[in-house]
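This report looks at how two chains meet.

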There are 2 protein chains.
Amino acid sequence: MSTTHTDRGAPRTNAPWGWTDAHRAQEIAVIGATGAVGRELLELLVQAGHPASRTSTFARAASTIDVAGVEFAVKPMPAASALRAASLAFLCTPSELSLALAPELVAHGVRVIDLSSAYRLAPDVPLVVPEINGRELERSGLLISNPNCTTAILCMPLAVIDRLAGLEEVVVVSFQAASGAGLPGLQTLAAEAREAVGAPATGPRPKSPFAAPLFFNVIPAIAEVDDTGISGEERKVIDETRRILGRPDLVVEVTTTRVPVERCHSVAVHVKTKRDFVLEDIIAALEASPGVAVTRDPHGPRPRECAGADPVYVGRIRAGTRGTRSLCFFAVGDQIRKGAALNALQIAARLRAAP
Amino acid sequence: MSTTHTDRGAPRTNAPWGWTDAHRAQEIAVIGATGAVGRELLELLVQAGHPASRTSTFARAASTIDVAGVEFAVKPMPAASALRAASLAFLCTPSELSLALAPELVAHGVRVIDLSSAYRLAPDVPLVVPEINGRELERSGLLISNPNCTTAILCMPLAVIDRLAGLEEVVVVSFQAASGAGLPGLQTLAAEAREAVGAPATGPRPKSPFAAPLFFNVIPAIAEVDDTGISGEERKVIDETRRILGRPDLVVEVTTTRVPVERCHSVAVHVKTKRDFVLEDIIAALEASPGVAVTRDPHGPRPRECAGADPVYVGRIRAGTRGTRSLCFFAVGDQIRKGAALNALQIAARLRAAP
């Protein structure tokens, strides 16, 4: 297995991600703590040195979970009073729940980072990838939205190219991991794999969140497909890419697919730019960008090797064949980290710690 | 599992594919009979009713193989005299071997269908997908070339769109199955899967033909990557698509990837056309095209469900977002059948039977 993924790029993690003692003094609530993203966020908080005593965890049902060797007592929702005692709340919740909780928390002065899609297109709520448009946090209110996982990963290299050469058009095909559908997605894939090779079942087998068997398969649409033939996931990538890059006019065309991968979303990206560029300048700019790691492995980056790492890995950077202003690349990011929990923590770290 | 893949399209197979008694009177040689494509071709010949007594099989080593209940005695190569007794030879061989064998066979009056890449760009050798440019067979010599598997599948819907609206530009991202690397690819994926779930090994585990572990992974390049960053597989798709469609000027931009799928290559395709089109006209034309099956399943077609079928399945047909002349679709075809053995048999069936 190649280990060249980090040969020119960032280290696999930049923990503690700028999390300071002032941040560690905050009372933090993680809502939806038992899901894939909630657990990852708790793990990052532990790694960042946030005291467990100042971390409250909530989910549908009460339980005790062990994350990175630390035990968390999960309280059942709703527990509005306990929630309101926090100064910062991460909502790792479905959109409907975020829509109900966020206004109530904000009304009580709690800063909220929402990881659902509920507020991503709300004009007065910033949608932030800190490395790209972190400055929007300077004039934000208490509510901040965290982007769609595929979009966050896609935008990391796109923002660099946009700065250098001006994006004109983006065609993207995604390869999304099972864990993009949360723990049930991961458990379904694992169960299907064991069944396929005749191995006895081990873990739980929930109702599959996928439209078809995923093992040894590719499912070429994610979420509902609308009357125009565009899937819900594709719509998110289009709308949120435009918003994060501050390019409401940008032409984005997308196919999103689910593949039998446990963790890390990949994107094959074909762009056209407004201005001429020198390929090596683009590569150098990507290498110099925080949160981006360039791989020179001709057969990388690959999702399996990128799991658990912070950066978005970019490889196969090459001139396109659609004229001198075309460019292709392949990018991979851990969608539970940079696509969700890590990005949310980076937002929180960039904010001045709440009093 | 959805079974709607064939709801509007062709049946799963059109055996015996126009194979007549005149064809059945031919002495046929299959060279490279023990590989994935060779075995598939023998199976198709059995299904087409070709007598085993008129089918000679050759491979590196002598063996006996059972295909679809029929036993074939495989002779070791070279056996030039036995070969020359055939009136039609299928070369399921590596390019180097095809380059050595084809001229010799042709010199002895044997008609040759070469499935390697050796002659695909040779100006005097037709490169044929019968449904698209089968007319080229009318003026061909004894040597005919069978296209790259991804390209054959891709071109089936592209040819229809080109006819209706004139292709201007094609962006394609492939999801290629393990068996595209032959039986070693399939065996490697199976062994990796068993190992991953802790199941005991069953079959042989050859040296992996892949650049990295494929199980639960995506490998974003196939074959060597050249100085311009384009992979060997991508170069084939570009060159052969232009040739098969008779459009040497066509702009084709490609990313080819390997995914943990056993069988069937998929392509996400984003095109621009020269002329305006009505989306339903394109869909109707695809539905009416021999060898193409349109699926209305919003989450299809998928490789697992298309394995072993003749047609190229096309779904997710939708207007693009890159102007009124943009169009997207997802296509899946069995690359061992339409991408290789079936296409070769269709070429042979379309030729007047050799005397």
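## Salt bridges

Over all chains, the structure holds 40 salt bridges. The term means a side-chain nitrogen of Lys or Arg within 4 Å of a carboxyl oxygen of Asp or Glu. Side chains of opposite charge can pair when their charged atoms come close. One of the bridges links E169(B) with K272(A), with 3.0 Å between the closest N and O atoms. This pair crosses between chains: E169(B) sits in strand β8 of chain B, K272(A) in strand β10 of chain A. Helices (H or I, at least four residues) and strands (E, at least two) are DSSP runs, numbered from the N terminus.

## Basis of the model

This is a predicted model, in which local features need pLDDT of at least 70 and side-chain atom pairs count only at pLDDT 80 or more, while totals for chains, interfaces and linings use all residues. Residues are numbered from 1 along each chain as its sequence is written, chains are lettered from A and ligands numbered from 1 in the order in which they are written, and side-chain values use heavy atoms, with hydrogens and water left out.

## Symmetry

Two copies of a chain are related by a rotation about an axis and a shift along it.

## The interface

Chain A gives 59 residues to the contact and chain B gives 59 residues; contact means heavy atoms within 4.5 Å. Between them the chains bury about 5000 Å², 63% of it on carbon and sulfur atoms. Buried area is the accessible area (1.4 Å probe) that two parts lose on being put together, summed over both. In chain A, the residues that lose the most area to chain B are F216(A), E253(A) and H299(A), together 15% of what that side buries.

E253(A) also forms a salt bridge with R322(B), the closest N and O atoms being 3.1 Å apart. The interface holds 8 salt bridges. On the side of chain A that touches chain B, β9(A) gives the most, with 7 residues. By class, that side has 33 nonpolar, 14 polar and 12 charged residues. Ala, Val, Leu, Ile, Met, Phe, Trp, Tyr, Cys and Pro count as nonpolar, Asp, Glu, Lys and Arg as charged, and the others, Gly among them, as polar.

## Aromatic pairs

The structure holds 6 aromatic pairs over all chains. Rings of Phe, Tyr and Trp (its six-membered ring) pair if their centres lie within 6.5 Å; planes under 30 degrees apart count as stacked, over 60 as edge-to-face and the rest as tilted. The ring centres of F175(A) and F175(B) are 4.4 Å apart and the planes are at 25°, so this pair is stacked. F175(A) lies in strand β8 of chain A and F175(B) in strand β8 of chain B, so the pair joins two chains.

## Local backbone

The peptide bond from A15(B) to P16(B) is cis, with omega near 5°. P16(B) belongs to the segment before α1 of chain B. G300(B) and P301(B) are also joined by a cis peptide bond, with omega about 0°. P301(B) is in the loop between β11 and α10 of chain B.

C264(A) is a residue other than glycine with a positive phi, near 95°. The loop between β9 and β10 of chain A holds C264(A).
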